[in-house]
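This report describes a protein model for a reader who has not seen it before. The sequence and structure come first, and the description follows.

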Amino acid sequence: MPKTSARLLALLSLLQTRRDWPGSLLAERLDISLRTVRRDVDRLRELGYPIAAAKGPEGGYRLGAGTDLPPLLFDDEQAIALTLALQVAATSPASGHAEAAARALHTIRQVMPARLRNRIDPLRVTAVGQPTTRPAATVDGDKLLALSAAAHSHETLRLDYGAEDPDRPPRRVEPHHVVTSNGRWYLVAFDLDRQDWRVFRADRITLRTPNGPRFSPRQLPGGDVAAFVTSRFRGSTDTTGAWPCTGTVVLGVDAAALAPYVHDGVLEELGPGRCRLTLGSWSWTALAAAIARFDADITVVGPPELTHAFAHLAQRLARTTGPTT
């Protein structure tokens, strides 16, 4: 029979892998008696683990949630995944939890066995936001928790958005989901005053208390949060996340030279020095400008709106050169 401490860790590990465990199955897995299982469960309860017992001929056990956070047990893969997640959070000031994440990372490292600490010590991950002239504002963790809690409990939120104005009535929204994108936090919600879905930047939200009444959840257009938010960011009402303007051109350049820069475009090799590109943007003029930056001969395949956009862009650019001699 293994030592008591090792046996307790093994029992705790089993309880974390499934919802319910019959006592006889635990005894079989640990090669101990039912009486020893009951005694070990009592020891874990004394350590703060909320283990519920089920009635029945053999009885059963379930690891539940308690009022305090007892010691946790992670396997190697879980510890590495947690280290990665905490390093990303610790280097992302906009999350509002950078300092807490750094302290948690230090705490976890201190209790890791040497063999695992040696594996994660060389691991260095830094979250780098996209270049911008205005860095993302930090969002307080309590605000994110309040937004998420209201979405979970289906409580209407009363909030000010943007500049605070005490004389302006608060906006009333039905929160649906909290999302993060490019270092910023957003709230997806149905705006009751405008009778439409909106995406609110969390750092611009000032919550008013108390919350409003409960509501019956509405169906988000398209049903997919990521696709909905992507569509709104792209200026599209298409719920699939597609760009509102998409066109195809043939470019006089090798596909391999463009591949690192087309992002979500579709690139096809047509032969030496020729490729076909299908790309999207929020407007036809923006799409023409995005294609023109590749510094290659361009033949428009379609649609006609893209051809017109190139003509409009050419006229605009010609005016910037002034008189020619």
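Ala-54 has Gly-60 in β3 as its bridge partner. Strands β2 (residues 51–54) and β3 run antiparallel and are joined by four bridges. Helices (H or I, at least four residues) and strands (E, at least two) are DSSP runs, numbered from the N terminus, and two strands pair if DSSP finds at least two bridges between them.

Strand β3 (residues 60–63) is also joined to β1 (residues 21–22), by two bridges in the antiparallel sense. Here Pro-22 stands opposite Gly-60.

## Basis of the model

This is a predicted model, in which local features need pLDDT of at least 70 and side-chain atom pairs count only at pLDDT 80 or more, while totals for chains, interfaces and linings use all residues. Residues are numbered from 1 along each chain as its sequence is written, and side-chain values use heavy atoms, with hydrogens and water left out.

## Helix α7

Helix α7 covers residues 141–153, and its end C-alpha atoms are 18 Å apart.

The buried residues of α7 (under 20% relative accessible area, where exposed is over 50% and partly exposed lies in between, with a 1.4 Å probe and protein chains only) are Gly-141, Leu-144, Leu-147, Ala-150, Ala-151 and Ser-153. They pack against β4 (157–161), β5 (171–181), β6 (184–191) and β8 (205–208), where contact means heavy atoms within 4.5 Å. Just after the helix, His-154 takes a positive phi of about 60 degrees.

## Strands β9 to β11

Seven bridges pair β9 with β11 in the antiparallel sense, and Val-250 stands opposite Arg-276 in β11. Strand β10 (residues 266–271) also runs antiparallel to β11, over five bridges, with Leu-267 opposite Leu-277. The hairpin of β10 and β11 has two residues between the strands, and in it Gly-273 takes a positive phi near 75 degrees.

## Nonpolar cores

A nonpolar core is a set of buried Ala, Val, Leu, Ile, Met, Phe, Trp, Tyr and Cys residues joined through side-chain atoms within 4.5 Å. The largest has 17 residues, and Val-249, Leu-251, Leu-258, Leu-277, Ile-291 and Leu-306 have the most contacts inside it. Two or more residues each come from β9 (245–251), α9 (255–258), β11 (274–281), α10 (284–292) and α11 (304–321). Helix α11 gives the most, with four residues.

Apart from this core lies another, of 16 residues, including Leu-26, Leu-30, Val-37 and Ile-51.

Key. Expected span 1.5 Å × (residues − 1).
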